[in-house]
Amino acid sequence: MKSSSTRACDGAVAITRSAAGEAHRAIEAIWRIESARLIAGLARIVGDFTTAEELAQDALVAALEQWPVSGVPEKPGAWLMGTAKHQAIDLVRRGQVLERKHQEVGRDLERASERPGMETALDEEVGDDLLGLIFMACHPILSRDARVALTLRVLGGLSTEAIARAFLVPVSTIAQRIVRAKRTLSEARVRFEVPTGPVRVARLGSVLEVIYLIFNEGYSATAGEDWVRPELCEEALRLGRILAELIPTEPEVHGVVALMEMQASRLGARVGPSGEPVLLLDQDRARWDRLLIRRGLAALERAERLGGALGPYALQAAIAACHARATTPAETDWPRIVALYDAVEQLEPSPVVELNRAVAVGMAFGPAAGLELVDTLIHEPALKSYHLLPAVRGDLLRKLGRYEEARAEFERAASLTANVRETELLLRRAAECAAERMAR
Amino acid sequence: MRVLILAKEGEQTEAAAPPTPAAMAEYQKFNEDLVKAGVVLEAGRLHPSSQARRVRFDGKKRSVIDGPFAETKELVAGYWLWQVRSMDEALEWLKRAPYEGGTFEVREVFEYEGM
């Protein structure tokens with residue numbers, strides 16, 4: 001291990017700053033391909049996540065020093081792993097790895113050196129390492145924000161700066177979040193492992209939550225100038241697709257992938273010419289991405305084929321599939337969507353789901369029926385500052401010709417969102433209601 | 001971002017004997033690695049260009065031309081559609097492909113126009 005100043009160095013940041021030469025660009029790309037596997041493999045060897053990440057970062061620093069001169073090695077992944085392992089051996093010799101781990105580490109290193117290069121290492125083992133890393137980064141003892149930051153950092157290979165940029169927060173905030181998350185993990189002595197049995201089900205829930213949170217932040221940004229940030233959606237999709245290959249027997253993993261693929265298929269249609277949001281029913285369906293729809297439907301089928309009742313993500317994917325299959329809004333199977341929301345609500349009762357269901361009821365059985373349901377949610381504490389409640393209510397009131405009430409609701413909704421684009425859309429709707437009232 | 005990888009081969013390799021089982025296994029392993037990394041969106045291998053047809057547009061006129069075609073230096077033999085984070089990442093993946101010959105062209109696909 002190098003000096004502490006090198007250790008603290010954020011390797012990925014260092015790359016962006018000196019991104020002059022071709023070698024540096026190649027190293028950055030290689031890092032994003034290899035880093036998760038590298039950290040995961042090292043974590044299994046040294047048994048400690050923080051040490052593993054530091055070793056990986058040191059190997060990256062070594063690559064940044066040497067590759068621009070020597071050229072990129074033929075097998076860069078194996079080079080990085082080899083370099084990191086040498087340093088791990090050093091650590092073991094100097095007694096810097098936890099006492100109880102010594103023998104294990106020695107054994108692992110021996111086995112590792114018998115292997116002719118990492119890429120021939122048992123694929124299954126590599127897969128398990130990667131899964132272990134995912135479960136660790138998404139550990140429920142961490143806050144949601146910490147899980148998201150840590151996942152993007154160690155599994156996405158994103159720099160602290162890139163994560164901060166994506167979430168529109170200061171770099172220091174993300175850096176602190178990551179440091180604190182690592183400390184929490186080591187203080188709680190969280191073991192690097194792939195959980196099994198009932199624990200696994202709960203832990204998997206946390207993993208899926210993190211992936212979908214990342215997706216959603218990209219799909220409808222909660223703050224800032226942009227309504228969508230596709231790179232976050234792509235990152236979440238990539239993580240989901242990787243997870244689906246690692247544990248293909250978990251229906252909800254395919255469920256969340258299906259949901260993301262189908263929602264992402266609408267990304268291009270969701271934004272108007274000047275960056276304004278375009279809502280589902282107003283979208284030009286010819287712009288929906290057929291490839292992602294096909295992939296989404298295939299993932300949903302994989303979830304269904306595994307048998308059993310569909311979980312909440314797969315059910316939401318089934319709802320998205322209803323939209324994807326309809327060539328016009330009028331062709332949408334709204335009664336089926338209502339039934340699917342009923343099923344979601346039984347599994348995970350939530351006021352937000354009830355609100356969505358009310359929208360579907362409004363479409364299937366008329367705005368009065370929808371409004372009746374929405375009105376039962378007005379005093380729901382969880383929806384007190386949720387901008388979509390007045391937005392939905394405004395929409396239903398408008399359809400019923402109650403323009404003045406609708407206008408007030410859209411204005412209230414506009415005051416509740418921090419997203420600039422969404423505020424503009426809602427204020428436009430309010431103005432339309434005012435105009436419609438005058439025209440009457 | 002999305003990139004389209006076009007596998008370009010000469011006339012000879014395009015119509016060459018099927019690959020050996022060992023080469024096939026290597027290729028499959030590479031493809032699996034790509035799928036496991038969440039990179040592949042779509043992949044396909046094309047029938048030889050001798051079976052292909054072309055439609056040429058000239059004003060209102062359309063003429064259909066049957067293969068094989070005269071220019072056979074760089075025929076597209078297959079394609080991949082990849083989801084990657086940069087052109088460099090695509091190149092790093094591509095360099096790992098177990099091919100002994102041929103040229104592969106990497107093209108970025110337009111996405112999210114107007115965003």
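Predicted model: local features only at pLDDT ≥ 70, side-chain atom pairs only at ≥ 80, totals over all residues.
**Exercise 1.** Work out how helices H11 and H12 of chain A are oriented relative to each other.

*Solution.* 
- Start with the two elements: H11 covers residues 197-219 of chain A, and H12 covers residues 230-246.
- Next, take the geometry: the helices pack at an angle of about 155 degrees, and their axes are 7 Å apart.
- Angles over 145 degrees count as roughly antiparallel, so H11(A) is roughly antiparallel to H12(A).

**Exercise 2.** Find which residues of H11(A) and H12(A) meet, and sort the contact by class.

*Solution.* 
- On the H11(A) side, look for A:Ile211, A:Ile214, A:Phe215, A:Glu217, A:Gly218 and A:Tyr219.
- Their partners in H12(A) include A:Pro230, A:Leu232, A:Cys233, A:Leu237 and A:Leu239.
- Sorted by class, this contact of H11(A) with H12(A) has ten nonpolar, two polar and three charged residues.

**Exercise 3.** Describe the side of chain A that touches chain B: which elements give two or more residues to it, and which gives the most?

*Solution.* 
- Begin with the totals: the contact takes 18 residues from chain A and 17 residues from chain B.
- The elements of chain A that give two or more residues to this side are helix H3 (22-46) and H12.
- H3(A) gives the most, with seven residues.
- By class, the side of chain A that touches chain B divides into ten nonpolar, one polar and seven charged residues.

Conventions
Residues numbered from 1 in each chain as written. Chains lettered and ligands numbered in written order. Axes fitted to C-alpha atoms, helices over the stretch in contact; angles between N-to-C directions. Helix = DSSP H or I, 4+ residues; strand = E, 2+ residues; numbered from the N terminus. Parallel < 35°, antiparallel > 145°, perpendicular 65-115°, else oblique. Contact = placed C-beta atoms within 7 Å. Nonpolar A, V, L, I, M, F, W, Y, C, P; charged D, E, K, R; others polar.
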